[in-house]
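What can be read from the atoms of a single chain? The paragraphs below go through the model step by step.

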Amino acid sequence: RQAASARRMIVLRLLIVALLIAVAASALAWVVTGNRRYLQWIGRIVRFALAAGVLFALLYVVERLVLR
């Protein structure tokens, strides 16, 4: 049970790092090119991250309620 939780946390941390790298790369691309398309990408990435975070939190709450 703890091993599954540890794996989930590792995956979550890797996703957060990947999202941060994607935002940084898009911001750098915008600074270099001035193309607003990269700002739109940042917006999409942030919206995806928020949606994924809310989903993860809901699954965590449901898991805690079910396993009580």
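E63 is partly exposed, because its relative accessible area is 27%; buried means under 20% relative accessible area, exposed over 50%, and partly exposed in between, with a 1.4 Å probe and protein chains only. This is a predicted model, in which local features need pLDDT of at least 70 and side-chain atom pairs count only at pLDDT 80 or more, while totals for chains, interfaces and linings use all residues. Residues are numbered from 1 along each chain as its sequence is written, and side-chain values use heavy atoms, with hydrogens and water left out.

Which residue forms a salt bridge with E63? The partner is R8, and the closest N and O atoms of the pair are 3.2 Å apart. E63 lies in helix 2 and R8 in helix 1 (residues 2–33), so this contact ties together parts that are 55 residues apart in sequence. A salt bridge here is a side-chain nitrogen of Lys or Arg within 4 Å of a carboxyl oxygen of Asp or Glu. By this rule the count comes to one salt bridge. Side chains of opposite charge can pair when their charged atoms come close. R8, like E63, is partly exposed, with a relative accessible area of 39% for R8.

The chain as a whole has two helices and zero strands; helices (H or I, at least four residues) and strands (E, at least two) are DSSP runs, numbered from the N terminus. Helix 2 covers residues 37–66. The radius of gyration of the chain is 16 Å, whereas a compact globule of 68 residues would have one near 11 Å. This radius is taken over C-alpha atoms, and the globule rule is 2.2 Å times the number of residues to the power 0.38. Along the principal axes, the C-alpha atoms fill a box of roughly 50 × 20 × 10 Å. Of the 68 residues, 6% count as buried.

Two distances show how sequence and space relate. L39, in helix 2, is 24 residues from E63 in sequence and 36 Å from E63 in space, C-alpha to C-alpha. G43, also placed in helix 2, is 20 residues from V23 in sequence, and their C-alpha atoms are 8.9 Å apart. L39 counts as partly exposed at 29% relative accessibility, and G43 is partly exposed at 23%.

Helix 2 also holds Y60, which is partly exposed with a relative accessible area of 44%. Together with V61 and L65, Y60 forms a nonpolar patch on the surface, with about 300 Å² of accessible area. Patches are made of residues with over 30% relative accessible area and no salt bridge; like charges are joined within 9 Å, and nonpolar side chains (Val, Leu, Ile, Met, Phe, Trp, Tyr) within 5 Å.

R37 lies over the face of Y38, 4.9 Å from the ring centre, and R44 lies over the face of W41, 5.5 Å from the ring centre. A charge sits over a ring if NZ of Lys or CZ of Arg is within 6 Å of the ring centre and within 35 degrees of the ring normal.

Methods. Areas by Shrake-Rupley, 256 points an atom, 1.4 Å probe, with all protein chains shown as cover.
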